[in-house]
Amino acid sequence: MDTRFLESFTTVVESGSLAEAARRLNLTPAALAQRIRALERELGVHLLARTGRTVKPTEAGAAILPRSRLFLREVRDLRALAAGEDIAGELRLGAISSALTGILPDVLQGLSTRYENLDLYVVPGTSKNLYADILGGDIDAAVVVEPPFPLPKTCGWQMFREEPLVLITPAAMERTEVKDILRREPFIRYDRNHWGGRYSDAYLRKLRIRPKERFELDALDAIAVLVDRGLGVSLVPDWSPPWPEGLALNKLRLPGSVLGRRIGLIWLRNSPRSRLIRAFVDEVRRTGWGDGTR
């Protein structure tokens, strides 16, 4: 059995879409469908079924999914061990959306130039979900917001940057006291279910301000666009550029001592890909993201 066929199957299930899975695997949808059919012929069962616009595993597909994921992890472990001291093999890396556009492009460019035998598979997600993926062994490491709880000793943590909270307002709005703006203007809240969103909630509680809440979103780019349109103001981390282009915003610093969200890397210390993870951290430092200069 070709392990690439199993990987194709699990990726389709994870993404819920043949088109999205093909994009992640850098395949055409036709080539991906051919892999799935070959795997189904080998196993003698149908593994996937369409439900509307999404693709879900059949009963047989759901039955083999956990073992398939375990088998693929073991294959990746074998490859990592066989590579010895070489920086080679696959590193499955999770990243929050702001890191995907801010930190990762420079780092991935450097790694691809420096290590031609290193394969990187990047999984987008929220900090909370990516942390669960690390503990479950689905990914090797993730660039996330620092968890709001002590990490277990089995996990490593390397901070890359700290992003202070800022108040963003439409550029045309008069710059007055931060407290007055928060009390007066409609408020667009960064989702409290996100680890990063808890910082703005804590700041409002500290000031004992209950803003006139209009929206609650989990996408920082979308929040910035809504503020630009004059629909409200927001407390957001001053995330790594780029920000959306063409926006006219005021970015106001908050008075007093304010905790910002910390962005860094989490991984399992006993990972067989520790060598690849160290190479990633070293490249982050080379680009300047990990030393506070960017």
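Predicted model: local features only at pLDDT ≥ 70, side-chain atom pairs only at ≥ 80, totals over all residues.

Strand 3 (residues 89-95) pairs with strand 4 in the parallel sense, and 7 bridges connect the two. Within this pairing, Leu93 has Val122 of strand 4 as its bridge partner. Both strands belong to an open sheet of 5 strands, ordered 4-3-5-12-6, whose pairing is mixed. Helix 6 (residues 104-114) lies across strand 3, strand 4 and strand 5, and its direction makes an angle of about 165° with strand 4.

A further open sheet consists of 3 strands in the order 10-7-11, with antiparallel pairing. Here strand 10 (234-237) and strand 11 (249-253) stand at the edges, and because each has a single partner strand, one side of each has no neighbour in the sheet. Strand 7 (residues 165-170) and strand 11 run antiparallel and are joined by 5 bridges. Ile168 has its bridge partner in strand 11, namely Lys251.

The loop between strand 10 and strand 11 contains Pro242. The peptide bond leading from Pro241 to Pro242 is cis, with omega near 15°.

The model has 1 cavity of 30 Å³ or more, and the largest cavity holds about 90 Å³ of space. Which residues line the largest cavity? The lining is made up of Glu7, Thr10, Thr11, Glu14, Arg69, Leu72, Arg73, Arg76, Arg92 and Asp138. Helix 1 (3-15) supplies at least two residues of this lining, as does helix 4 (59-82). Sorted by class, the lining comprises 7 charged, 2 polar and 1 nonpolar residues.

| Residue | Relative accessibility | Class |
|---|---|---|
| Glu185 | 17% | buried |
| Phe149 | 34% | partly exposed |
| Asn26 | 72% | exposed |
| Arg208 | 78% | exposed |

Glu185 sits in the loop between helix 8 (178-184) and strand 8 (186-190). Is this residue buried or exposed? Glu185 counts as buried because its relative accessible area of 17% is under 20%. Apart from neighbours within four places in sequence, Glu185 is in contact with Met173, Lys212 and Val233.

Phe149 belongs to the loop between strand 5 (141-145) and strand 6 (155-163). Its relative accessibility of 34% places Phe149 in the partly exposed class. When neighbours within four places in sequence are set aside, the contacts of Phe149 are Tyr131 and Trp195.

Two non-glycine residues have a positive phi. For Asn26, phi is about 60°; this residue lies in the loop between helix 2 (18-25) and helix 3 (29-43). For Arg208, phi is about 55°, and Arg208 is located in the loop between helix 9 (197-207) and strand 9 (212-217). Asn26 counts as exposed at 72% relative accessibility, and Arg208 counts as exposed at 78%.

Note on methods. Residues numbered from 1 in each chain as written. Heavy atoms only, no water. Helix = DSSP H or I, 4+ residues; strand = E, 2+ residues; numbered from the N terminus. Buried < 20%, exposed > 50% of the residue type's maximum accessible area, 1.4 Å probe, protein only. Contact = heavy atoms within 4.5 Å. 1 Å grid on protein atoms, 1.4 Å probe; cavity = no way out; pocket = protein on both sides within 12 Å on 5 of 7 lines; lining within 4 Å. Points joined across faces, edges and corners; volume = space filled by probe spheres on them. Nonpolar A, V, L, I, M, F, W, Y, C, P; charged D, E, K, R; others polar. Pairing = 2+ DSSP bridges. Axes fitted to C-alpha atoms, helices over the stretch in contact; angles between N-to-C directions.
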